[in-house]
Amino acid sequence: MKKTEIIREEDVYRNTKEKLDKVGCGMCLAKWTQATVHLQMGQTHSCHHPATHKIPLAEIKYNPSALHNTRFKKLKRKEMLEGKRPKECNYCWNVEDNSEQFSDRVFKSNESWSLPHFDKIANSNWREDINPTYIEVAFSNACNFKCSYCGPSFSSSWAQEAEKYGAYPTDDKFNDISRLKSENKMPIHHKDHNPYVDAFWEWWPYLYRDLHTFRITGGEPLLSKDTWKVLDYIIEHDKPNKELNLAINSNLGIPDNLVDKLIEKIKIIEDRGLVKEFILFTSVDTWGEQAEYIRDGLVFNKMWDNMNKVLTQCPRVNVTIMSTFNALSVPNYKKLVTNVHNLKLEYASNDRYWKSAVFLDTSYLRHPAHQTIQILDDKIWGPVLWDSIAEMDFLAAPKFHENLVGYSDVEIQKLKRSYDWMTSKFKKEEKVHVQRRNFGRFFKEHDRRRGTDIKNTFPELVDFYEHCLTLK
Ligand code: SF4
């Protein structure tokens, strides 16, 4: 009988950690292989956990790859190669020092876009430039939405509001333009010349051939001419990168002609097999008019119709719904869970990159603190959230039958993680008090500026909201 070797996932991660630790206790491949570049602000980071830092214009003048290979980042790589732990990576050191879990430095280094490059990176000189294999790029902050938890750096509509009315009257002066200016995070207007975008296009032909994953974020990417330029480049390039995972975010609340144009481009890319897979990322945080309130600009039915249109006309594409799970998501999340399952049933197909067609990716909101699920009374709202989890569990893909469709373990775990965080025993009452006070202040001003009505839209939260307004 043939002996089958079973390799446990945990052993794989342990091996990767040992390899990394031999180079240094702070070694992480993501510092080289992964980048998020906010071209609208001229800021970058690797990975997405450390704070962003400014990309000096002098550095990209002769070396466009400095959009990723900044001198700042190279000094962090030096620390890693010399056995130190860069302070900016605290997210990982907290996990490693306070639990038995593997941190993201292990998970990200173990990814197929990182691990094959281990030897090259471990033996490199810290001064060397390297192309990332996984990159997320925002070309501009042009956006027709003003989601309540977003801000001027990522939305031109937010920027206009903040210029007109100033900061919100929360303790931290939410979305204060003068603070953004002092932090060098004021976006370049999307109609103005942007030297960071110029540098990107100079770098792109060299970047494209090495890429494993390219994701365009924003702003609303479909409002940026550079997004269309990327799609046309892929369509027209004589040596396509057929290993590329291409992903584009869209709020799907843009004019019909842009949705149709996207579908047309996706069809060409798919029919000619120009990429490995295409994923459309969209966003919604609960159901119906409550979702519209959270994401100002959203017309819920329009977004839902557009999602159906893409899934109908693009038979291979997958859609990921990013759900920024916040205090206003809780009352009606179950409806979203049920209806996303209906989409899975309707569009599941073996022709798609993943059979289940639609993935509900729930991540709990951390900032701004005044809108997180931790401000809710978990004795009242914990059971409501648990009801959504129970619905997901009920609609899970049965493991005994590979042809049946439903929620995956990951989707369920991510919502459970939100429940754990909401009910965490480490929540500090004093902080919750301040955050509730700010919740009241923020939404009172929100309704005044935008002509919305939180009490009408969320009858379930009227008592809570009125209580927040009384807090000193
Ligand atoms: S050590 Fe952690 S925070 Fe730093 S780059 Fe790696 S994964 Fe990101």
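Mentor: Ala, Val, Leu, Ile, Met, Phe, Trp, Tyr, Cys and Pro count as nonpolar, Asp, Glu, Lys and Arg as charged, and the others, Gly among them, as polar. This is a predicted model, in which local features need pLDDT of at least 70 and side-chain atom pairs pLDDT 80 or more, while totals for chains, interfaces and linings use all residues. Residues are numbered from 1 along each chain as its sequence is written, and side-chain values use heavy atoms, without hydrogens and water.

Trainee: How many charged residues does the shell around the ligand have?

Mentor: Around the ligand (a heavy atom within 4 Å) stand Cys 28, Lys 31, Ser 46, Cys 47, His 49, Pro 50, Cys 89, Cys 92, Asp 104, Arg 105 and Lys 108. By class, 5 of the shell residues are nonpolar and 2 polar, and the charged ones number 4.

Trainee: Which helix gives the largest share of that shell?

Mentor: Asp 104, Arg 105 and Lys 108 are among the residues surrounding the ligand. The largest share of the shell, 3 residues, comes from residues 104–110, a helix (a DSSP run of H or I, at least four residues) named α6.

Trainee: Which residue in β7 is the bridge partner of Phe 214?

Mentor: Strand β6 (residues 213–217) pairs (at least two DSSP bridges) with β7 in the parallel sense, over 4 bridges. Across from Phe 214, the bridge partner in β7 is Leu 246.
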